[in-house]
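I opened this notebook to record what I looked up about charged side-chain pairs. The entries follow in the order in which I made them.

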Amino acid sequence: MAQFNRFVPVYRPASPRSASADAGDSSGGRRENGGPLPPPNPQQQPEMLYFRASAPAHRRVKESPLSSDAIFRQSHAGLLNLCIVVLIAVNSRLIIENLMKYGLLIRAGFWFSARSLGDWPFLMCCLTLPIFPLVALVAEKLIRRKLIGEHVVILLHIIITTSVIVYPAVVILKCDSAVLSGFVLMFLASIMWMKLVSYAHTNYDIRVLSKSTEKGAAYGNYVDPENMKDPTIKSLLYFMLAPTLCYQPTYPRTTCIRKGWVIRQLVKCLIFTGLMGFIIEQYINPIVKNSKHPLKGNFLNAIERVLKLSVPTLYVWLCMFYCFFHLWLNILAELLRFGDREFYKDWWNAKTVEEYWRMWNMPVHKWIIRHIYFPCIRKGCPGLARVLALNHHSSNEDNQTIDNTVGVAILISFLVSAVFHEICVAVPCHIFKFWAFFRIMFQIPLVFLTRYLQDKFQNIMVGNMIFWFFFSIVGQPMCVLLYYHDVMNRQAQASR
């Protein structure tokens with residue numbers, strides 16, 4: 001604005017003094033008292049040249065704002081606002097068109113059923129799940145008092161963690177519960193399984209460190225005494241309720257609970273939950289009902305259904321992410337005064353699929369790194385820490401060993417994630433076609449593909465676009481179609 005004012009003349013109304021001066025100028029360049037007018041300031045003359053037609057309009061080399069060299073130096077807030085306005089307009093038209101075509105399609109029979117909610121074994125399974133953490137605490141108390149051996153407590157923890165998964169799965173399959181009810185139960189069972197694995201693994205490592213510090217180990221001085229305490233019922237109860245999957249005796253805590261903030265977040269959580277239900281009932285269900293099995297029908301028809309399904313499934317997933325990771329986990333953290341609230345990072349800027357998996361679900365990512373990735377590396381390459389610390393002196397053979405060990409650790413991490421994705425989806429749907437398993441394992445070649453393309457083109461946007469393409473267009477809509485038709489076929493066969 002300062003440069004603009006420099007080149008544009010500003011009109012200022014003449015004061016009586018200046019008007020009289022102009023009158024004096026017309027009478028021979030004299031003041032009213034007869035004195036001569038002061039000569040014009042020479043420093044103002046170059047400024048006046050900008051107002052002339054002969055002044056050059058092009059003075060230096062400039063790039064267009066949308067050119068490749070200058071696009072990232074510009075602010076695109078206006079374009080972002082335009083995209084928001086277009087999205088609102090387009091989706092408003094789609095909502096009106098959908099309501100005019102189908103009417104209001106909200107129904108609860110597919111998600112909830114009075115039979116499954118009132119089923120006694122299903123209800124008992126939900127109520128008896130807290131028994132397993134108590135049994136794990138008893139096992140830790142026994143090993144602390146040296147009433148059982150190390151191998152016995154490891155065997156007990158294996159039995160406990162296995163039962164946490166098998167018990168709900170058997171109940172769901174035997175009781176034929178509704179899809180959403182079974183999914184919630186398996187989701188809670190999977191969370192409890194990861195918490196109990198962390199509880200057993202961490203307490204085992206605390207015992208090992210305690211023995212090492214008693215023997216005068218060098219790293220004993222770096223161990224925090226607060227995180228070396230014996231397990232208690234209070235620490236176990238807090239851990240089972242806290243929004244984390246990694247156990248430690250103490251956590252960073254905030255000073256108070258913001259009650260008004262909690263109420264606002266609960267209202268938002270209810271609104272977005274209702275929005276998810278509306279999108280599923282009004283958009284996703286009609287689309288999948290009018291589709292054929294992707295692997296049995298027309299190929300072009302399958303592509304058309306996948307593309308049409310990609311937008312509502314993306315909206316549902318984004319609402320789910322915001323509702324669970326931002327709202328619900330922060331509500332739990334506020335009520336428990338849990339301090340570390342990094343439940344996600346800016347995964348939407350992920351340059352590769354690998355970055356997405358490291359940033360979108362931080363509780364699971366920290367659990368995998370702590371209890372799968374690092375243990376696999378320590379077992380596969382015991383001298384890895386020494387080699388990494390002196391990597392500029394390491395040989396090619398050491399680097400090759402590190403690469404192989406890291407690759408195996410990544411493969412095992414994806415394998416565990418794929419197994420639990422399949423369990424959480426296949427058991428409530430009562431079908432085992434391994435669609436979710438293959439979808440997760442397919443991410444491994446995508447990791448190397450996006451990394452290769454990013455290095456080849458030297459552009460961070462290439463990997464991000466590939467990630468969004470497979471995430472929003474190919475992956476989720478295809479899995480929705482596959483599981484929907486398999487569930488409908490199973491129900492049709494069961495009703496005959």
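Entry 1. I took a salt bridge to be a side-chain nitrogen of Lys or Arg within 4 Å of a carboxyl oxygen of Asp or Glu. The model I examined is predicted.

Entry 2. Arg144 belongs to helix H7 (residues 131-144), while Asp230 sits in the loop between helix H9 (179-214) and helix H10 (233-241), so I noted a link between distant parts of the chain, 86 residues apart. Arg144 is partly exposed at a relative accessible area of 24%, and Asp230 is partly exposed at 45%.

Entry 3. I turned next to Arg207, which meets Glu150 in a salt bridge of 2.5 Å, N to O. This pair also links distant parts of the chain: Arg207 is in helix H9 and Glu150 in helix H8 (residues 150-175), 57 residues apart. I recorded Arg207 as buried, with a relative accessible area of 9%, and Glu150 as partly exposed, with 23%. Glu140, Glu150 and Arg207 are linked in a network of salt bridges.

Entry 4. I then examined Arg258, whose salt bridge with Glu334 has its closest N and O atoms 3.1 Å apart. Arg258 lies in the loop between H10 and helix H11 (259-289) and Glu334 in helix H12 (residues 299-335), so the pair ties together parts 76 residues apart in sequence. Is Glu334 buried or exposed? I found Glu334 buried, at 1% relative accessibility, whereas Arg258 is partly exposed, at 41%.

Key
Residues are numbered from 1 along each chain as its sequence is written. This is a predicted model: local features need pLDDT of at least 70, side-chain atom pairs count only at pLDDT 80 or more; totals for chains, interfaces and linings use all residues. Side-chain values use heavy atoms; hydrogens and water are left out. Helices (H or I, at least four residues) and strands (E, at least two) are DSSP runs, numbered from the N terminus. Buried means under 20% relative accessible area, exposed over 50%, partly exposed in between (1.4 Å probe, protein chains only).
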